[in-house]
Structures are given as C-alpha cells and as structure tokens.
Amino acid sequence: MSILANNKISDGQFVRDNGWTRPWNKYQIATWITLFVFALIAWGVEIISLHPNAWAAAYTVTGVLFVVVTILLIVTTGIDPSDDNSLEHRKRTKKAAAIFDRSKHKHVIESGFCHICECIVLESSKHCQPCNKCVKGFDHHCMWLNNCIGTKNYGLFLALLAVALMGCIAMLGIGLFVFFNAFFNNYLLNPDIWWWQLSGGFVAFEIIIGIKIILLVVAAALICQLGVFHMMLIHRKQTTYMHFKKQEEKRELQKKLASETERSLNFDDMPVPACSERQSEHATGGGGERVSSPADLKEDPNTFSNINHSYAVDVA
C-alpha cells in the first residue's frame with residue numbers, strides 16, 4: 001500500500017476515480033485510525049465507567065452516531081465527483097490523462113476545453129491537480145477524504161460535518177463527566193470499573209481520557225469553523241475555490257495599487273535636473289532680468305535698436 005506525503009501526484013497521467021483509489025493519503029488513514037481509537041476509548045473505558053443505568057442511552061447515542069459517520073465517510077469518499085463529459089470521455093476512450101504543456105497553453109481549461117481531460121467541460125468544472133481530473137461544481141480537494149468535493153458529494157460532505165460535530169459533542173460530554181467525577185464524585189460512576197483495579201490504571205487512563213478531551217475540543221472547534229465557513233459560502237452562492245480565487249485577485253490588485261502608489265511618490269520626490277535650472281537662468285537673463293521674447297520684440301520696435309546698440313558696444 002502506498003501512502004502520499006502530500007496531495008500532489010508526480011505522474012501526470014494518473015487519474016483518481018475516488019478517495020479509495022490508491023495511493024491513499026496519510027491524512028485519510030489518520031482520519032480512520034482516529035475514528036476507531038476514539039470509539040474504542042468511549043465504549044471500552046468511558047461509557048462502562050458510567051452508572052449501569054446510563055449504559056443503554058450512552059451506547060445507543062454514540063453507536064448510532066458512529067454508524068452514521070462511518071457510512072457518510074465511506075459514501076462521500078467513494079463518490080466520483082467528475083465532470084460528466086470528462087467521465088464519459090475517460091470511460092469511452094480508456095486513455096490516460098494528457099500531460100499539460102505550459103509552453104503551448106497558459107491555462108489548463110481554456111474556452112471550456114480541458115487540455116488534460118481533452119474534452120469540453122462544464123463552466124462550473126475545475127481541474128483538480130491531486131485527482132488529475134475535472135470536477136463538476138468543484139469546491140475543494142479534501143485531504144481527509146482523499147477525494148474532491150463537488151456538486152455530486154457536497155451535500156453528503158455537509159451532512160458528514162454535522163454528524164461528526166454531534167459525535168464530538170456526545171463523546172466530549174461523556175469524557176468530561178467521567179474525567180472529573182473520577183476525582184471528586186466517584187460515587188456517581190460504576191464502582192466496578194475494570195481500569196481502576198489495575199496497578200497505575202487510574203492515572204494512566206485519566207491521562208488518556210484527558211488527551212482525548214483536548215483532541216475532541218480541537219476537532220469540534222475546527223468542524224464548527226468549517227461549517228460556519230460553508231454556511232457563509234452557501235449564503236453568498238460561492239464555492240471554496242471561488243472564494244479563495246477572489247481573495248487572491250483582491251491581494252494582487254492591492255499589490256498592484258501599492259506598487260503604482262510607490263512609483264508615483266518616488267517620481268514626485270525626484271530632484272529638478274540641472275538643465276532646468278540653467279533654462280530658468282537663461283529665461284531671466286542670468287541676473288534676474290527677464291530676456292525679451294519674440295512677442296516682446298513685436299510689441300516694442302525700439303527693442304531691435306537697443307539690441308544692435310548693445311552688440312556694437314560689445315564688439316567695440
């Protein structure tokens with residue numbers, strides 16, 4: 001099994017059908033490991049520490065949430081969000097993706113034609129680099145699912161966020177109850193907790209529960225932030241790609257304006273050239289007296305005789 005260090009594929013002809021297509025992503029593997037480890041701690045350590053009367057409700061709630069999250073993970077990861085034209089072309093020709101030649105084309109998609117998928121794609125479709133295919137209604141590439149999120153699986157992605165948040169809150173509540181009551185009100189817990197009877201078990205498992213609580217708080221905060229962000233995008237009728245593309249264009253515009261302003265300020269601060277000073281002196285006769293212009297000569301005919309008289313004196 002191959003695991004990617006990041007989301008970029010070195011082989012330009014590779015096409016990922018969905019999130020289960022190998023090589024798998026290390027973040028995707030971390031997601032599944034975290035899910036099962038949290039479930040084992042909740043079921044085998046925390047819930048069993050509760051009073052027996054609370055077992056049925058706790059196991060039912062966490063069990064249902066775990067099953068729903070697992071199903072949504074599997075389905076959302078397994079959906080191929082490809083552009084319909086790109087998918088049909090790929091199935092019909094059974095050709096590997098073309099290698100993009102930047103010397104011939106400025107953009108991957110130009111005038112609705114993708115130079116890698118080699119077909120016409122929808123206006124909302126964008127070419128995903130990690131998956132190396134055009135995705136219908138492209139929103140973003142999710143490294144935790146190792147799959148693109150687009151029109152075909154966006155709703156499932158939002159449902160996954162909602163259920164995952166509920167699961168975090170449920171496990172967080174149980175974990176906090178067990179963690180603090182084990183120190184102060186252990187009469188509220190099951191008196192026959194197996195890990196309390198182990199040598200050093202109380203300290204070890206309290207540390208494990210404490211670490212799990214911290215991770216759940218971080219996970220819940222990130223999921224909340226992501227959920228609010230997508231609610232904002234839905235309200236604005238944008239995708240994640242459109243949002244960050246717009247932000248990038250705004251930054252480029254600000255840089256351009258700042259550069260032009262700086263050039264303008266530098267131009268205003270430039271010293272006056274020496275030739276301009278000489279021209280100014282020449283215009284005033286060098287001694288502060290203004291030299292006659294052609295218009296002055298026309299207005300005062302005696303000026304010619306004054307000039308000739310001065311010239312004759314200088315020659316003499």
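Ile-169 is exposed, with 52% of relative accessible area, and this residue belongs to helix α4, which covers residues 154-181. The structure is a predicted model of a chain of 316 residues, 36% of which count as buried. The chain holds 9 helices and 9 strands. The points below treat confidence, overall build, the packing of helices, individual residues and the backbone.

**Confidence of the prediction**

- The mean pLDDT of the chain is 84, and a value of 70 or more is reached by 80% of the residues.
- Residues 1-7 have a pLDDT below 50, and in the model this stretch makes 21 contacts beyond its near neighbours in sequence.
- A pLDDT below 50 is also found over residues 276-299, a stretch with 18 contacts beyond near neighbours in sequence.

**Overall build**

- Among contacts in the chain with a separation of 6 or more, 57% are between residues 24 or more positions apart.

**Helix α1 against helix α4**

- Two packed helices are described by the angle between their axes and the distance between the axes.
- Helix α1, formed by residues 26-46, packs with α4 at an angle of about 40°, and the two axes are 11 Å apart.
- The helices α1 and α4 are therefore oblique to each other, and their crossing is left-handed.
- On the side of α1 the contact is made by Phe-38, Ala-42 and Glu-46, and on the side of α4 by Met-171, Ile-174, Gly-175 and Val-178.
- By class, this contact of α1 with α4 comprises 5 nonpolar residues, 1 polar residue and 1 charged residue.

**Helix α1 against helix α2**

- Helix α2 is formed by residues 55-78; its axis and that of α1 come within 11 Å and cross at roughly 170°.
- The helices α1 and α2 are therefore roughly antiparallel to each other.
- From α1, the residues making the contact are Gln-28, Thr-31, Trp-32, Leu-35, Phe-36, Ala-39 and Trp-43.
- From α2, the contact is made by Tyr-59, Thr-62, Gly-63, Phe-66, Val-69, Thr-70, Leu-73, Ile-74 and Thr-77.
- The contact of α1 with α2 has 10 nonpolar and 6 polar residues, with no charged residue among them.

- Arg-90 is part of helix α3, which comprises residues 84-93.
- With a relative accessibility of 15%, Arg-90 counts as buried, because the limit for that class is under 20%.
- Leaving out residues up to four places away in sequence, Arg-90 touches Val-15, Asp-17, Asp-80, Ser-82, Lys-95 and Lys-133.
- Thr-21 is located in the loop between strands β1 (3-4) and β2 (24-25).
- Thr-21 also counts as buried, at 18% relative accessibility.
- Apart from neighbours within four places in sequence, Thr-21 is in contact with Phe-14, Val-15, Arg-16 and Asn-146.
- Val-15 is named among the contacts of Arg-90 and among those of Thr-21.

**Backbone features**

- Most peptide bonds are trans, and most residues other than glycine have a negative phi.
- The peptide bond joining Arg-22 and Pro-23 is cis, with an omega of about 5°.
- Pro-23 lies in the loop between β1 and β2, the loop in which Thr-21 is also found.
- Lys-94 is not a glycine, yet its phi is positive, at about 55°.
- The position of Lys-94 is in the loop between α3 and strand β3 (109-110), and at 70% relative accessibility this lysine counts as exposed.
- Asn-132, likewise not a glycine, has a positive phi of about 60°.
- Asn-132 is in the loop between strands β6 (126-128) and β7 (133-135).
- With 8% relative accessibility, Asn-132 counts as buried, whereas Lys-94 counts as exposed.

Notes
Residues numbered from 1 in each chain as written. Predicted model: local features only at pLDDT ≥ 70, side-chain atom pairs only at ≥ 80, totals over all residues. Heavy atoms only, no water. pLDDT = per-residue confidence, 0-100. Contact = heavy atoms within 4.5 Å. Helix = DSSP H or I, 4+ residues; strand = E, 2+ residues; numbered from the N terminus. Buried < 20%, exposed > 50% of the residue type's maximum accessible area, 1.4 Å probe, protein only. Axes fitted to C-alpha atoms, helices over the stretch in contact; angles between N-to-C directions. Parallel < 35°, antiparallel > 145°, perpendicular 65-115°, else oblique. Left-handed = near helix turned anticlockwise from the far one by under 90°. Nonpolar A, V, L, I, M, F, W, Y, C, P; charged D, E, K, R; others polar.
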